[in-house]
Amino acid sequence: LTFPLLSVTLLVSFGSSMLYGYNLAVVNSPAVHIKAFYNATWSQRYGHGLAPGPLTLLYSLTVSIFALGGLVGSLLVGVLVDRYGRNGTLSRSVLFVLMAGGFMGFSRELGSPEMVIIGRSIMGLYSGRCCLGCGANLRGFLGLMPSIFICLGVFFAQVLGLPELLGKDRFWPLFLSVVVIPASLQLMLLHCFPESPRYLLIEKNDICEATKALHRFLGTPDVQDVIEEMKEEQRSLSSMEMVSVWQLLRDRSVRWQTLSVVVVNAGMQLSGIDAIWFYTNTIFENAGIPVSQIPYTTVGTGAIEVVAGLIGCFTIEKVGRRPLIITGFCAMGICLAGITVSLLLQTDLPWMRYVSVACVVSIIAGFCMGPAGVPFLMTAELFTQSHRPAAYIVGGSINWLCNFTVGFIFPFLQMSAGAFCYLVFCGICLLVALYVYLIIPETKNKTFMEISHIFA
């Protein structure tokens with residue numbers, strides 16, 4: 001793993017995955033201030049404030065609209081990368097971040113809640129078109145690296161949301177729009193790295209520039225073997241008919257693989273992790289944690305999730321995919337049940353509030369060690385090249401739709417079911433873990449034909 005290759009991987013993850021994580025958590029700490037702004041604006045316009053139900057609905061839309069933008073972005077990414085390459089796609093996408101930052105940053109000055117919602121949807125569009133490929137020999141390590149940066153993005157949002165920094169009422173528009181800084185930094189640094197060699201040779205047929213790029217990335221003058229391998233891939237792709245989404249869904253030979261992609265991607269979002277990231281402060285408040293201590297408790301959970309993500313990143317090639325994802329989902333399911341029990345008993349046993357915090361920390365740690373990144377790796381490893389793009393579209397669409405569903409309905413689920421709402425996520429986690437244990441084979445160091453034989 002050469003320094004240029006590691007650097008460009010880190011840079012792409014920094015400007016893409018980290019911003020995705022930041023936007024997952026950025027609406028958590030300023031929730032009270034944003035709702036107050038919505039209520040005050042409504043009063044100015046119509047002479048009366050919003051009732052609790054409509055206010056919750058409007059704020060839930062603000063939180064979840066990010067996922068709808070992500071869905072659209074994920075459907076466009078293949079076209080954009082084929083046309084502009086990795087660097088070109090990322091450079092053009094930064095314009096979305098600048099636009100979104102402008103909408104959210106000036107929303108209060110212009111008295112427009114709509115600008116917050118539009119800005120969130122544009123940020124989702126940017127996050128949805130982020131993708132990162134890596135070599136097969138390092139696919140486990142590099143494949144989980146984006147999940148590390150997602151955890152870092154969540155952590156930075158939690159730190160900046162502290163009352164001493166941007167957690168005050170007057171700073172929430174700045175808090176939402178600070179995303180323009182890392183995106184601009186990524187735009188400036190991208191020009192220091194060459195375009196993807198694979199894109200240059202296979203898509204543009206530019207052997208000279210592809211060779212120069214490989215010299216930079218691999219740090220060796222002899223790259224002829226790699227060039228020949230890419231030429232062979234180019235010839236193979238030119239004679240290969242790519243499968244559409246509809247053809248993938250109808251293909252009996254990969255039916256179990258397709259179902260597995262749907263299950264693990266839906267399970268990843270319906271596990272309750274998005275509810276915890278979006279509404280951490282509300283969860284801790286309901287658990288009885290003093291309001292003054294909630295921001296610091298939240299930051300502590302963020303630090304632990306980064307550590308857990310690093311552990312998963314450095315152990316995936318040793319322990320394999322299945323143990324990480326099964327253990328992660330089982331731990332999440334048990335701890336979600338633990339939150340329910342602790343909330344029900346905290347009136348009689350005040351120390352149960354600390355059990356709630358421990359369960360939240362364990363849920364996040366379990367997610368970051370396995371379910372956060374392994375589903376994306378499995379999607380690549382369960383299919384051949386002809387089926388892989390369609391499989392990514394299916395998995396990505398399910399992922400974003402479930403993200404939207406959780407972000408939108410969780411406040412209402414919490415109001416109607418109380419502490420028992422977490423049992424829904426508990427059941428989903430345990431069922432997904434059982435499915436993976438019974439159906440999905442270990443994919444580490446296995447070819448597609450070996451994996452297909454096991455499924456058959």
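**Aromatic pairs and surface patches**

Phenylalanine 408 counts as partly exposed, because its relative accessibility is 23% (buried means under 20% relative accessible area, exposed over 50%, and partly exposed in between, with a 1.4 Å probe and protein chains only). The model is predicted, so that local features need pLDDT of at least 70 and side-chain atom pairs count only at pLDDT 80 or more, while totals for chains, interfaces and linings use all residues. Residues are numbered from 1 along each chain as its sequence is written, and side-chain values use heavy atoms, with hydrogens and water left out.

In total, the structure holds 12 aromatic pairs. One of them joins tryptophan 42 and tyrosine 46, whose ring centres are 4.6 Å apart and whose planes stand at 50°, so this pair is tilted (rings of Phe, Tyr and Trp, the last by its six-membered ring, pair if their centres lie within 6.5 Å; planes under 30 degrees apart count as stacked, over 60 as edge-to-face and the rest as tilted). Both residues belong to helix H3 (residues 31-46), where tryptophan 42 and tyrosine 46 are four residues apart, about one turn of the helix. Tryptophan 42 counts as partly exposed because its relative accessibility is 28%, and tyrosine 46 is also placed in the partly exposed class, at 48%. Phenylalanine 404 and phenylalanine 408, by contrast, form a stacked aromatic pair, with 5.7 Å from centre to centre and 15° between the planes. Elsewhere, Tyr20, Phe66 and Trp400 form one aromatic cluster.

On the surface, Val341, Leu344, Leu345, Leu349, Trp351, Tyr354, Phe420 and Leu423 form a nonpolar patch, which together has about 770 Å² of accessible area (patches are made of residues with over 30% relative accessible area and no salt bridge, like charges being joined within 9 Å and nonpolar side chains within 5 Å; a salt bridge is a side-chain nitrogen of Lys or Arg within 4 Å of a carboxyl oxygen of Asp or Glu). Helix H17 (residues 321-345) supplies the largest share of the nonpolar patch, namely three residues. Leucine 344 lies in helix H17, and leucine 344 is partly exposed because its relative accessible area is 45%.

A patch of negative charge is also found on the surface, where Asp222, Asp225, Glu228 and Glu229 gather. Aspartate 222 sits in the loop between helix H10 (207-218) and helix H11 (224-238), and aspartate 222 counts as exposed because its relative accessibility is 55%.

Definitions and conventions
Areas by Shrake-Rupley, 256 points an atom, 1.4 Å probe, with all protein chains shown as cover. Lys, Arg positive; Asp, Glu negative; His and termini not counted. Charge placed at Lys NZ, Arg CZ, Asp CG, Glu CD. Helix = DSSP H or I, 4+ residues; strand = E, 2+ residues; numbered from the N terminus.
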